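User: Hi, could you walk me through this one?
Analyst: Happy to. Here it is.

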Amino acid sequence: MNDFEITSILTEYTREAANAKEALGVAIKARVANEPHAVMEKPQKRFVLRFTVAVAAFVLLLTVSMQSVTVQAFATFIYENVIQRIFQQKEINQNIEGIYELETLFPHGEIVWADGSGLASYVIYIDETYNVEQSENLLLITPKYEGSVLDLPPVFMEITQVTNTTIEDIVAQYSADGVFTQTGTASDDFPYVVLYHQDGQQYNSKCNVIYIRDNECGGVFVITAQYFFEAAEGHGTRFGYALGTLEIIDVSQYDINAE
């Protein structure tokens, strides 16, 4: 049953309860008018049942609505009312396939309110050629414009965090089957351990890169990028620029209530 069907059913129950309540009120007024000293009878059990169902329906409808808001809109609310308020867009020169391009980068990220969750609050800047979808502990970045070649693998980068683990544990996990090879170590300029794998040397061979970084909260960022071999100097480079802007932030240092 979808949300529309649930809403329709609950609305119908609520409407019936309202009608029953109105009818009861009319009956009581008529009875009192005709028999001023009469003792009012208790409402029928049927009405009580219907009214109880209506209350339960309202609570359930409110719960469903709140869940829907939480899942679908909370990340957008945080983006529009917190991240965009605190952080300004940037313009930088990016060297893409040997050509410097002036790009506008927009702030995205996640704000974590609960202390001790093991998740870090962070901001990352993504250029305007990508769509960004935000949800709890996931940032998905995909190109706005896909190519017309049908045999290309999907291009994306997703950012998530894994709690109660270490960089070494994640590296061991991805390296266990020998598919990924470590190609980079963390440095001050680029604080990621990098694991890499590609399927071949063809223009459309799939390339996967895992970027692993300490989140300073007892866990790690695990960032997965995928593109095709010919796009390594395009999407691959753009993803690298974006990761260079990722900053772990302390929310308490910002006045998020400022207008």
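User: What is the mean pLDDT of the chain?
Analyst: The mean pLDDT of the chain is 78, and 67% of its residues reach 70 or more. pLDDT is the predictor's confidence in each residue, from 0 to 100. This is a predicted model, where local features need pLDDT of at least 70, side-chain atom pairs count only at pLDDT 80 or more, and totals for chains, interfaces and linings use all residues. Residues are numbered from 1 along each chain as its sequence is written, and side-chain values use heavy atoms, with hydrogens and water left out.

User: Where does pLDDT stay under 50?
Analyst: Residues 1-14 stay under 50, and the model has 12 contacts for them beyond four places in sequence; contact means heavy atoms within 4.5 Å. Residues 35-62 also have pLDDT below 50, with 23 contacts beyond near neighbours in sequence. Where pLDDT is low, the predicted coordinates should not be read in detail.

User: Okay, on to the fold. How many helices and strands does the chain have?
Analyst: The secondary structure comes to four helices and 11 strands.

User: What is the strand order in the open sheet of four strands?
Analyst: The order is 1-2-3-11, with antiparallel pairing; two strands pair if DSSP finds at least two bridges between them. Strand 1 (90-96) and strand 11 (247-249) are the edge strands, each pairing on one side only. On average, neighbouring strands of this sheet are turned by 40° against each other, direction ignored. For such angles, axes are lines fitted to C-alpha atoms, for helices over the stretch in contact, and angles run from 0 to 180 degrees between N-to-C directions.

User: Which helix packs on the sheet?
Analyst: Helix 4 (residues 232-244) does, touching strand 1, strand 2 and strand 3. Its direction makes about 140° with that of strand 1.

User: And how many bridges join strand 1 to strand 2?
Analyst: Seven bridges join them, and the two strands run antiparallel. Glu91, for example, has Thr104 in strand 2 as its bridge partner. Their hairpin has two residues between the strands, and Glu97 there takes a positive phi near 55°.

User: What about strand 2 and strand 3?
Analyst: Strand 2 (residues 99-110) and strand 3 (residues 121-127) pair in the antiparallel sense over six bridges. Gly109 has Val123 in strand 3 as its bridge partner.

User: I'm curious about His108. Is His108 buried or exposed?
Analyst: His108 counts as buried because its relative accessibility is 9%; buried means under 20% relative accessible area, exposed over 50% and partly exposed in between, with a 1.4 Å probe and protein chains only. His108 sits in strand 2. Leaving aside neighbours within four places in sequence, its contacts include Tyr79, Ile83, Tyr122, Val123 and Leu139.

User: Switching to cysteines: how many disulfides are in the whole structure?
Analyst: The search finds zero disulfides, a disulfide being a pair of cysteine sulfur atoms within 2.5 Å.

User: Which class does Cys217 fall in, buried or partly exposed?
Analyst: Cys217 is partly exposed, with a relative accessible area of 37%. Cys207 counts as buried, at 0% relative accessibility.
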